[in-house]
Amino acid sequence: MIVGVGIDVVDVARFLATLERAPRLRARLFTADERDLPPASLAARFAAKEAIAKSLGAPGGMSWQDATVHRVPGGQPVVETRGTVAARAAELGVTRFHLSISHDAGIASAVVVAEGD
């Protein structure tokens, strides 16, 4: 059963300019596993986290650090949740996330389907 759907699009250059203006933002938005990714991949991870939040109804109080997007060679990315994001997912009955991310021509995008049993 589909519990929620989220989508987000990020202009890569604009996103990187924001990170340069506010250097501490990188540590606030990304987990240690994500922080050193190439610029387009960082923008795609940000889009993915926004899409995850939207698929959960975009409630306030969720921490960016409570969702990590893992790259799986030869497979689709995997969403790992904990804390505030895992709690909201459990509240809605979400048992898994389906995520597609892409970046091309200066744009990063992500689509998330939150699924429950």
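**Entry 1. Helices and strands**

I counted the secondary structure elements and found four helices and five strands in the protein. I took helices (H or I, at least four residues) and strands (E, at least two) as DSSP runs, numbered from the N terminus. The model is predicted, so I used local features at pLDDT of at least 70 and side-chain atom pairs at pLDDT 80 or more, while totals for chains, interfaces and linings use all residues. I number residues from 1 along each chain as its sequence is written, and side-chain values use heavy atoms, with hydrogens and water left out.

Along the sequence I read the pattern β-α-α-α-β-β-α-β-β. The radius of gyration is 14 Å, close to the 13 Å that the globule rule gives for 117 residues, so the protein is as compact as a globular protein of that length. That radius is taken over C-alpha atoms, and the rule is 2.2 Å times the number of residues to the power 0.38. I also looked up the span of the C-alpha trace along its principal axes, which is about 40 × 30 × 20 Å.

**Entry 2. Burial, surface and charge**

I find that 40% of the 117 residues count as buried. Buried means under 20% relative accessible area, exposed means over 50%, and partly exposed lies in between (1.4 Å probe, protein chains only). The protein exposes about 6300 Å², and carbon and sulfur atoms supply 55% of it. These areas come from the Shrake-Rupley method with a 1.4 Å probe; for residues, only the protein chains shown count as cover.

For contacts I used heavy atoms within 4.5 Å. Among contacts between residues at least 6 apart in sequence, 55% join residues at least 24 apart.

I counted 13 positive and 13 negative side chains, and the centres of the two sets lie 5 Å apart. Lys and Arg count as positive and Asp and Glu as negative, with His and the chain ends not counted. I placed each charge at NZ of Lys, CZ of Arg, CG of Asp or CD of Glu.

**Entry 3. Aromatic rings**

I searched the whole structure and noted three aromatic pairs. Rings of Phe, Tyr and Trp (its six-membered ring) pair if their centres lie within 6.5 Å; planes under 30 degrees apart count as stacked, over 60 as edge-to-face and the rest as tilted.

One of the pairs is F15 with F30, which is edge-to-face at 6.2 Å centre to centre, with 90° between the planes. F15 lies in helix α1 (residues 12-21) and F30 in the loop between α2 (24-29) and α3 (39-55), so this pair ties together parts that are 15 residues apart in sequence. F15 is buried at a relative accessible area of 7%, and F30 is buried at 0%.

I then looked at F46 and W64, whose ring centres are 5.2 Å apart and whose planes meet at 25°, so the pair is stacked. F46 belongs to helix α3 and W64 to the loop between α3 and β2 (67-70), 18 residues apart, and the pair links distant parts of the chain. F46 counts as buried at 16% relative accessibility, whereas W64 counts as partly exposed at 24%. I note that ring pairs link F15, F30, F46 and W64 into a cluster.

**Entry 4. Positive phi**

Most residues other than glycine have a negative phi. I looked up A58 and found a positive phi of about 50° although A58 is not a glycine. A58 sits in the loop between α3 and β2 and is partly exposed, with a relative accessible area of 48%.

A105 also has a positive phi, of about 55°, and is not a glycine. I place A105 in the loop between β4 (94-104) and β5 (107-116), where A105 counts as exposed at 72% relative accessibility.

What does S55 touch, not counting residues up to four places away in sequence? I list G4, V5, G6, F97, V112 and A114. S55 is in helix α3 and is buried, with a relative accessible area of 3%.

V69 is in strand β2 and counts as buried at 3% relative accessibility. Leaving out residues up to four places away in sequence, V69 touches E34, R45, A48, P77, V78, L99 and I101. I also checked V69 against S100: they are 31 residues apart in sequence and 11 Å apart in space, C-alpha to C-alpha.

E115 lies in strand β5 and counts as buried at 19% relative accessibility. With residues up to four places away not counted, E115 touches M1, V3, G93, V94, T95, R96 and H98.
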